[in-house]
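Open the model in your viewer and keep the sequence panel beside it. Each stop below says what to select and what is there.

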Amino acid sequence: MKKNAFIIAVLLIWTVRLSAQMKPTAGNWNTWFIPSGKAYRLPPPPTNHKEEIKQVLEIQQNMTPVSLQQIEYWNAGDPSYRWQHIMADAWMDDALNNGILANMLLSVATYDAMVAAWDTKYTYHLPRPFKANKKIKLFALNPDSPSYPCEHSVAAGVAVTIIGHFFPTLADSMNLLATQAMASRVAAGVAYPSDTRAGFELGKKIAEKEIAYTKGFLNNQPWDGKKPDKPGLWNGNFAMLPYAGNSKTIVLEKGDQFRPGPPPDFAKDMAELKNFKQTTSSKSNALYFNGQSVWGDLLDKKIFEYNIHLNPPRAARMYALAAIGTYDGFVSAWDAKYTYWGIRPNQYDTTYQGLLKAPPFPGYPSGHAAISGVMCGIYSYLFPAEKAFFEEKAKDGAESRFHAGIHFRTDNDVALVLGKNVAAAIVQKAKMDGADSGIVRIR
């Protein structure tokens, strides 16, 4: 028994090391919305960096506390870490829900652009400035990859383009942040100014291409007011995104690929909900999953715990898979919601009042539970040794909607299965992208 535990521990260590290890071959990984990384290979970098070395040295000689703070800020996490959090705040406030598409595009375009950047990096093998000149100091973690193009600038170019496109009022702020991010890499001694310019333009070019490619994917046309007039169905006065289930999916053939069967009569579910006695724990669970980016924060945590933030292409791949899961999972849940118009508890029994206010769309199946199922499946693939933990977290996420009094348990149980089916399809495709080569997986 002890021997088996030791072997598992050793494999875990090697899993972490191999996942964090930089892979020169990442430039060959399959991309999503561009033909390949090679198709966006940049021309060669400048052959003489004498003047740029002078610029870097001058910047470092005039370093201020603010400069050092900017280096620390942008060096935290992988290149897209800060942009992921900006997007998380922005898209949740998007009334038309273009945000679900924007969120997916930020992560997927960043991944595609990182693959392209790695193709260029390992074509030219340009040494970092601090390695090229001993007078240049290193003010950040030592990046285990060539200098050209700057990967942080690639992420900035993608983010500025996508966030600015979907949220125009943020465009000026995003450009300012991108300028700070790029300057921080030069000041840190890990990129030449030409590296940052090239990286930014590469990220911008790929983001523009992918915005055009996905135009019209999301069906968010306003509600025409039509709804079934049969008794026992959801009967709100405003239906949010009733056609989103018809949106174009990324991995699934269509939103109805894993559509569950029709809901039952909810008499037993209603009785169970009315007899449920709230506790401090159940209230906390309901509020926690309702008000937090639980799965996004969890992915950040695991990326840090496994040191994958040191491996930009692999971190970008994880964010992309999670974002695709969120998008396809959302479309799948909304397909079923507006196929069946499943009633909410407060409409089934008008004397019942849940802990939280019911959202303006049908209940069956639960969107929260569906996304929990998706994330459980994808995270279990990415971090297989922690599958049991993700399973428990998904159950908590689904149960939170029962605790909130806005879903029947049937809504949640069915949605978990739906989400896991969506995840399985995404994982199947992910296994073919070339990124798993050399990674030890524990089942």
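The tour goes stop by stop, with the ground rules first.

**Ground rules**

This is a predicted model: local features need pLDDT of at least 70, side-chain atom pairs count only at pLDDT 80 or more, and totals for chains, interfaces and linings use all residues. Residues are numbered from 1 along each chain as its sequence is written, and side-chain values use heavy atoms, with hydrogens and water left out.

Helices are DSSP runs of H or I with at least four residues, strands are E runs of at least two, and both are numbered from the N terminus.

**Stop 1: W29**

Select W29. It sits in the loop between α1 (2-20) and α2 (50-61). W29 counts as buried because its relative accessibility is 3%. The cut-offs: buried is under 20% relative accessible area, exposed is over 50%, and partly exposed is in between, with a 1.4 Å probe and protein chains only.

Show the contacts of W29, where contact means heavy atoms within 4.5 Å. Leaving out residues up to four places away in sequence, W29 touches K23, Y111, V115, P313, R314, R317, D433, G434 and A435. Then draw the distance from the W29 side chain to the backbone oxygen of G434: 3.5 Å. A polar contact is a pair of N or O atoms within 3.5 Å; within protein, one must be able to donate a hydrogen and the other to accept it, and residues adjacent in sequence count only if both atoms are side-chain atoms.

**Stop 2**

Go to M92, in the loop between α4 (81-91) and α5 (99-124). Is M92 buried or exposed? At 59% relative accessibility, M92 counts as exposed.

Next, select H125, in the loop between α5 and α6. Its phi is near 50°, a positive value in a residue other than glycine. H125 counts as partly exposed, at 47% relative accessibility.

**Stop 3: the helix pair α7 and α8**

Select residues 151-166 for α7 and residues 171-187 for α8. Their axes come within 9 Å and cross at roughly 180°. That makes α7 roughly antiparallel to α8. Axes are lines fitted to C-alpha atoms, for helices over the stretch in contact, and angles run from 0 to 180 degrees between N-to-C directions. Under 35 degrees is roughly parallel, over 145 roughly antiparallel, 65 to 115 roughly perpendicular, and the rest oblique.

Show side chains at the contact. From α7 come H152, S153, A156, V160, I163 and G164; from α8, A171, M174, N175, A178, M182 and R185. By class, this contact has seven nonpolar, four polar and one charged residues. Here Ala, Val, Leu, Ile, Met, Phe, Trp, Tyr, Cys and Pro count as nonpolar, Asp, Glu, Lys and Arg as charged, and the others, Gly among them, as polar.

**Stop 4: two cis bonds**

Most residues other than glycine have a negative phi, and most peptide bonds are trans. Zoom to Y148 and P149: the peptide bond between them is cis, with omega near -5°. P149 lies in the loop between α6 (129-132) and α7. Then jump to Y364 and P365, where the bond is cis with omega near -5°. P365 is in the loop between α14 and α15 (367-382).

**Stop 5**

Select L241, in the loop between α9 (193-213) and α10 (267-275). Its phi is near 50°, a positive value in a residue other than glycine. L241 is buried, with a relative accessible area of 9%.

Move to D269, in helix α10. D269 is buried, at 10% relative accessible area. Which residues does D269 contact, leaving aside neighbours within four places in sequence? They are F408, R409 and T410.

**Stop 6**

Select α13, residues 312-340. Its 29 residues should span 42 Å at 1.5 Å a residue, and the end C-alpha atoms are 42 Å apart, which agrees. The expected span is 1.5 Å times one less than the number of residues. Of the 29 residues in α13, 28 are buried. Just after α13, W341 takes a positive phi of about 50°.

Finish on Q347, in helix α14 (residues 345-348). Its side chain reaches the backbone nitrogen of N235 at 3.0 Å. Not counting residues up to four places away in sequence, Q347 touches L233, W234, N235 and G236.
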